[in-house]
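Subject: Structure handover

Dear colleague,

I am passing on the structure below, together with notes on what turned up in it. Please read the notes with the coordinates open beside them.

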Amino acid sequence: MRVLVVEDERMLAGAIAEWLRDETHAVDLAHDGEAALERIAVNDYDVVVLDRDLPRVHGDDVCRELVASRPDARVLMLTAAAQLDDRVTGLSLGADDYLTKPFAFPELAARVLALGRRSRPAVPPVLRRAGITLDPARREVFRDGRFVPLSKKEFAVLTELMRADGAVVSAEQLLEKAWDEHADPFTGAVRLTILKLRRKLGEPQVVETVPGVGYRVA
């Protein structure tokens with residue numbers, strides 16, 4: 001999934017991003033509300049992890065704009081305030097979930113994953129197609145019963161292809177969901193990852209190239 005982490009405490013923001021990247025998500029960072037709004041305007045995020053107390057533009061205002069302009073994105077609001085009124089206010093602004101600092105990283109990752117499922121059309125918790133079984137929660141892939149060890153990026157790309165359920169996914173869509181904003185669209189990263197994925201999945205090939213359009217799992 002594509003995730004935006006908006007947190008002005010840079011060490012905490014970096015730690016959150018590192019944890020979520022280990023969960024195979026593509027993560028962008030913003031350290032104030034103004035930068036968050038700039039990224040939201042140009043990128044399609046599945047989940048936004050949003051600190052409420054932000055400089056320049058308050059997190060409440062970011063949440064309002066996000067709900068209005070990107071209604072499919074899900075918002076996990078972070079705050080140091082644990083009072084009930086604060087949680088109610090955050091949720092009334094349109095946030096989908098609320099997490100009080102300090103928090104455990106595994107819990108944050110689990111909440112992000114749960115929100116990401118809600119940002120897309122419903123799919124089975126375990127994806128199956130063309131002899132491939134992919135379990136997003138366990139991060140495991142099997143081909144005809146054989147375990148297939150994949151890198152984080154390969155797993156992220158295959159997840160997007162499996163979610164499409166046979167539909168074609170463009171290289172641009174894969175870059176959007178599996179890489180962050182620093183990815184160079186001209187590096188051939190998607191093509192190289194597809195080649196590695198095909199090699200690991202083995203014969204017969206199931207990841208097809210649709211010339212000029214993208215890729216699909218047949």
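At which residue does UniProt place the feature "modified residue: 4-aspartylphosphate"? The UniProt record, an unreviewed entry, puts that feature at Asp51; UniProt positions follow the numbering used here, feature names are shortened, and annotations may be inferred rather than shown by experiment.

Some conventions come before the rest. This is a predicted model, in which local features need pLDDT of at least 70 and side-chain atom pairs count only at pLDDT 80 or more, while totals for chains, interfaces and linings use all residues. Residues are numbered from 1 along each chain as its sequence is written, and side-chain values use heavy atoms, with hydrogens and water left out.

Asp51 sits in strand β3 (helices, H or I with at least four residues, and strands, E with at least two, are DSSP runs numbered from the N terminus). At 2% relative accessibility, Asp51 counts as buried, where buried means under 20% relative accessible area, exposed over 50%, and partly exposed in between, with a 1.4 Å probe and protein chains only. Leaving aside neighbours within four places in sequence, Asp51 is in contact with Val6, Glu7, Asp8, Gly59, Leu78, Thr79 and Lys101, contact meaning heavy atoms within 4.5 Å.

Strand β3 belongs to an open sheet of five strands, ordered β2-β1-β3-β4-β5, with parallel pairing; two strands pair if DSSP finds at least two bridges between them. The edges are β2 (26-30) and β5 (97-100), each with a single partner strand, so one side of each is left without a neighbour in the sheet. Within the sheet, β3 (residues 47-51) and β4 (residues 74-79) pair in the parallel sense over five bridges, and Val48 has Val75 in β4 as its bridge partner.

The domain assignment gives domain 1 (2-119) and domain 2 (127-217), these bounds coming from an automatic or database assignment. The contact between them takes 14 residues from domain 1 and eleven residues from domain 2, and their C-alpha centres lie 27 Å apart.

Helix α6 (residues 152-163) has twelve residues and reaches 16 Å from its first C-alpha to its last, close to the 16 Å expected, the expected span being 1.5 Å times one less than the number of residues. Ten of the twelve residues of α6 are buried, so the helix is largely enclosed by the rest of the structure; among them are Phe155, Leu158 and Met162.

Finally, some backbone geometry to check. Most residues other than glycine have a negative phi, and most peptide bonds are trans. Thr24, however, has a positive phi of about 75° and lies in the loop between α1 (10-22) and β2, while Arg56, in the loop between β3 and α3 (59-69), has a positive phi near 70°. Thr24 counts as buried at 12% relative accessibility, whereas Arg56 counts as exposed at 66%. The peptide bond from Lys101 to Pro102 is cis, with omega near -5°, and the bond from Glu203 to Pro204 is also cis, with omega near -10°.

Best regards
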